[in-house]
Amino acid sequence: MDLRQLKYFVGVVEAGSFTKAAAQLNVAQSALSLHVRQMEEEFGTQLLVRDRTGVTLTAAGTKLMRHARSILRQVNLAEEELTSKVKSPSGEVVIGIPSGAARVMVAELLSLAQERFPKVSLKIIEGMSGLIDEWMTSGRFNLAILYKTVESPDTSTLLAREEFCLVAPPNQPPFENTVRLSDLHAYPLAVPMRVNNVRRSVADVVAQHGGTLDVRFEVDSLSTINSMVMDGKAYSILTPSAIQREVSLGQLRMVRIVDPVITRSIVLAVNPRDERSVEVAAIRALVPEVVKKLTRDGKWPAILAEGEPALHK
């Protein structure tokens, strides 16, 4: 017995005859008769009495009718609840975002999430990229913004790409808009800890080209690094998203690293256990939209994953 047989059985009883039920259900009368006969064979008892005027329930048929209506009612309630959840997701979604990206995208993401999905409680945890990576691996987040320096075969969604730059104090060298990779050794640096993938990626590229970095301070705090550079105590190597606010205020200078340029990918990762979660899927679809809007509006100096360069104000 399956749900279709129950629906057909209830339909025949409520219509009062196979003929009327066939018209109402848009099913051939012979098919209805076959399904009811199969049910009777499975239960080993007669469910309906058929005569020229229609059908009437037997004692067994009356019991089945009571159960069938209850079962179908519960199925309909489940369908309505699930359909409603898809149309209006609800629940909690936790997303981890590195400090640099968080400075640019959190306000826009929270605002849009509240507008589109008011029943979803979006919780954001900010930290240095290495920590976000570790926490995502341990399953702490539903979603996470991660930084990658090489193309990986995982299921992460590529959002955009950023170029690393030398962060310099105001009115201190280099005074040009670019600096060669081979010249980075001349600048004393305050950079994230060794476990941070930003630090690792830059150091790897420099080493591949036979260069070195003069790392004086290892600090796992973006605000502290920026403060040290502002005070003239060090330089740093970061991406524009991490310093855009200070650059716009004239507190820091951004110098592009060239020959070669060092880039990283910004990706959105989902916890495998949440692949089928309706509320996670809603926020997961929202993140690329936010990144695209910010880059096109010039609020995030990055290159969109689709190959469209961002606008720069």
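Analyst: The discussion below sets computed values against the definitions of the terms. This is a predicted model, in which local features need pLDDT of at least 70 and side-chain atom pairs count only at pLDDT 80 or more, while totals for chains, interfaces and linings use all residues. Residues are numbered from 1 along each chain as its sequence is written, and side-chain values use heavy atoms, with hydrogens and water left out.

User: How many helices and strands are there in the protein?

Analyst: The protein has 10 helices and 14 strands. Helices (H or I, at least four residues) and strands (E, at least two) are DSSP runs, numbered from the N terminus.

User: Why is the protein called more spread out than a compact globule?

Analyst: The radius of gyration is taken over C-alpha atoms, and the globule rule is 2.2 Å times the number of residues to the power 0.38. For 313 residues the rule gives 20 Å, whereas the radius of gyration is 31 Å, well over that value; therefore the protein is more spread out than a compact globule. Along its principal axes, the C-alpha trace spans about 100 × 35 × 30 Å.

User: Why does D274 count as buried?

Analyst: Buried means under 20% relative accessible area, exposed over 50%, and partly exposed in between (1.4 Å probe, protein chains only). D274 has 10% relative accessibility, so D274 counts as buried. This residue is in the loop between β13 (263–270) and α10 (278–296).

User: Which residues does D274 touch?

Analyst: Leaving aside residues up to four places away in sequence, D274 touches F141, N142 and V280. Contact means heavy atoms within 4.5 Å.

User: What makes strand β5 mostly covered?

Analyst: Strand β5 covers residues 143–148, and five of its six residues are buried.

User: How do you know that β5 pairs with β3 and with β13?

Analyst: Two strands pair if DSSP finds at least two bridges between them. Two bridges join β3 (residues 91–98) to β5, and these strands run parallel. Six bridges join β5 to β13, and these run antiparallel. A144 in β5 is the bridge partner of G96, and A144 also stands opposite A269 in β13.

User: Which residues of helix α9 are buried?

Analyst: In α9 (residues 240–248), the buried residues are P240, S241, A242, I243 and E246. The helix is followed by G250, which has a positive phi, near 80 degrees.
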